[in-house]
Amino acid sequence: MKIFNTMTRQKEEFVPINPGEVKMYVCGPTVYDFFHIGNARTFVIFDTVRRYLEYKGYKVSFIQNFTDIDDKLINKANEEGTTLKEVGERYIKEYYKDADALHIERATCNPRATEFVDEIIKFISELIEKGYAYEVDGDVYFNTKSFKEYGKLSGQNLEDLQSGARIDVDERKKDPMDFAVWKNKKPGEPAWKSPWGEGRPGWHIECSCMSSKLLGDTIDIHAGGMDLVFPHHENEIAQSEARSGKKFANYWMHAAYLNINNKKMSKSLKNFFTTREILEKYDAEVVRMFLLSAQYRTPLNFTEELLNSAKLSMDRLYNSISNLENLYDEVKIEKLTDEESKSIKMIDEYKEKFESRMDDDFNTADGISVIFELIKDLNININANSSKELIKYALDTIRKIGKPLGILQKTTKKSIEDEVEDLIQKRQEARKNKDFKLADKIRDDLSARGIILEDTKAGVRWKYK
Ligand code: AMP
Ligand code: ZN
């Protein structure tokens with residue numbers, strides 16, 4: 001399996017630190033509002049990476065943090081006359097609602113900055129002791145010059161960065177590129193006690209601290225959206241490697257943007273749709289299909305047409321699944337016949353083809369195309385003369401390869417509960433129309449299936465005999 005590593009700018013064979021295990025850290029949301037469908041692209045992509053690693057048999061430790069100490073939360077809390085804690089807790093709840101609705105699997109752990117302040121203080125103290133960070137007037141800065149490899153992820157050196165940066169007027173810093181790991185308390189801000197006075201952690205330090213605390217000094221995969229390469233991930237590397245003296249992450253993965261009119265969808269540009277708004281109009285599997293319709297390093301443009309075409313594609317796939325499920329009920333032959341072994345081989349070949357596309361740096365776009373090819377072939381090859389065993393094998397394979405993408409997991413068959421409720425409804429209507437023959441027939445048919453109806457004052461109830 002190959003992964004494009006931002007650090008080396010090439011696809012590399014994936015070799016985990018411990019065989020069969022993957023330690024993965026993804027930078028999570030700043031919880032001051034609902035997340036938009038651009039954020040959702042990054043979350044769904046790394047959920048898919050995690051699911052595919054699990055599909056391949058790896059045990060994945062998947063950490064995604066919640067940034068709940070940040071200017072945006074502080075401003076919101078002050079505007080609303082509430083606390084940072086309340087704002088954070090509210091939007092973490094909202095995050096779970098939308099993420100669950102999008103079938104994003106729950107992380108192994110979602111650490112929050114507010115829960116890690118003591119650990120962050122210890123981390124910063126170590127950096128100061130080792131000479132990588134210094135305190136000025138209650139602020140603590142990381143000294144970028146002291147970390148020789150600063151800039152290696154984004155492929156820039158310190159001189160390039162300095163000449164590209166706006167002149168920083170803060171003369172208390174040793175170097176203009178130095179960044180804050182601890183910020184002195186300002187009026188109206190929440191603060192925590194530290195050896196440098198009351199204050200709060202900077203943003204970058206939380207990920208370095210949580211990653212090492214929860215997964216160890218060196219992890220397999222560190223990931224996030226493209227905008228995090230610089231400065232966030234560059235700074236994480238500097239802090240982590242300066243402290244531990246070890247490589248921070250073996251593979252760096254970055255997801256391209258979801259754009260709208262060819263501009264990055266973002267809160268600040270106000271050109272966004274919340275995930276919640278989109279999920280009101282489209283099924284979660286349709287949204288995932290749209291978000292995964294491009295390989296993750298390719299920008300994707302958000303349009304209603306693309307979402308509608310994802311819906312049409314999904315309808316086509318489920319139409320075929322529904323045909324297969326109905327055929328399964330109807331066909332007479334139980335066991336696989338001799339001629340059908342080539343159909344099994346054909347199905348297996350599509351599964352292997354799907355895996356080869358996904359093994360190539362998680363090419364979901366090509367993976368989805370393979371699913372369409374498989375379905376097309378099944379439509380031609382499976383019919384009323386097929387065996388139940390073959391049809392089941394086909395349906396199981398579709399579900400199996402849909403799972404890492406988080407699609408095709410539904411059955412088109414109604415649950416027994418829904419079906420019985422529908423029949424009860426029909427029976428009530430028949431009685432209202434004085435069609436007692438039909439009403440009795442529905443009751444008898446249900447009885448033949450072991451279900452009895454009871455007419456009560458509160459309505460019709462049903463139970464198994
Ligand atoms: P934030 O809450 O702004 O820190 O963002 C959470 C995650 O969403 C980060 O990994 C960002 O890189 C990512 N992200 C933000 N905007 C977009 C976008 N338009 N397309 C894809 N990912 C994004
Ligand atoms: Zn981070």
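Buried means under 20% relative accessible area, exposed over 50% and partly exposed in between, with a 1.4 Å probe and protein chains only. The model is predicted, so local features need pLDDT of at least 70 and side-chain atom pairs count only at pLDDT 80 or more, while totals for chains, interfaces and linings use all residues. Residues are numbered from 1 along each chain as its sequence is written, chains are lettered from A and ligands numbered from 1 in the order in which they are written, and side-chain values use heavy atoms, with hydrogens and water left out.

View 1. Ile74 is part of helix H2, residues 71–80; helices (H or I, at least four residues) and strands (E, at least two) are DSSP runs numbered from the N terminus. With a relative accessibility of 5%, Ile74 is buried. Leu84 lies 10 residues away along the chain, and its C-alpha atom is 5.7 Å from that of Ile74. Ile74 also touches Gly188, Glu189, Pro190 and Arg200, besides Leu84, when residues up to four places away in sequence are not counted; contact means heavy atoms within 4.5 Å.

**View 2. The largest nonpolar core.** A nonpolar core is a set of buried Ala, Val, Leu, Ile, Met, Phe, Trp, Tyr and Cys residues joined through side-chain atoms within 4.5 Å. The largest one has 129 residues, and Met24, Leu53 and Ile221 have the most contacts inside it. Helix H1 (residues 37–55) gives the most to this core, nine residues. Domain 1 (2–255) and domain 2 (304–405) each supply at least three residues; the domain bounds come from an automatic or database domain assignment. Leaving out residues up to four places away in sequence, Ile221 touches Ile3, Phe14, Val22, Lys23, Met24, Tyr25, Leu53, Tyr251 and Met253. A second, separate core has six residues, among them Val420, Ile442, Ile451 and Leu453.

**View 3. The Phe14–Tyr58 ring pair.** The structure holds 20 aromatic pairs, defined as rings of Phe, Tyr and Trp (its six-membered ring) with centres within 6.5 Å; planes under 30 degrees apart count as stacked, over 60 as edge-to-face and the rest as tilted. Phe14 and Tyr58 have ring centres 5.8 Å apart and planes at 80°, so they are edge-to-face. Phe14 is in the loop between strand E2 (10–13) and strand E3 (21–26), and Tyr58 is in the loop between H1 and strand E4 (59–64), so the pair ties together parts 44 residues apart in sequence. Phe14 is buried at a relative accessible area of 5%, and Tyr58 is buried at 19%.

View 4. Tyr95 and Tyr96 pair edge-to-face, 5.8 Å centre to centre with 70° between the planes.

**View 5. Helix H12 and its cover.** Helix H12 (residues 364–381) has 18 residues and reaches 26 Å from its first C-alpha to its last, close to the 26 Å expected at 1.5 Å a residue; the expected span is 1.5 Å times one less than the number of residues. Its buried residues include Ile368, Phe372 and Leu378. Among the elements covering the buried residues of H12 are H1, helix H10 (304–330) and helix H13 (388–402).
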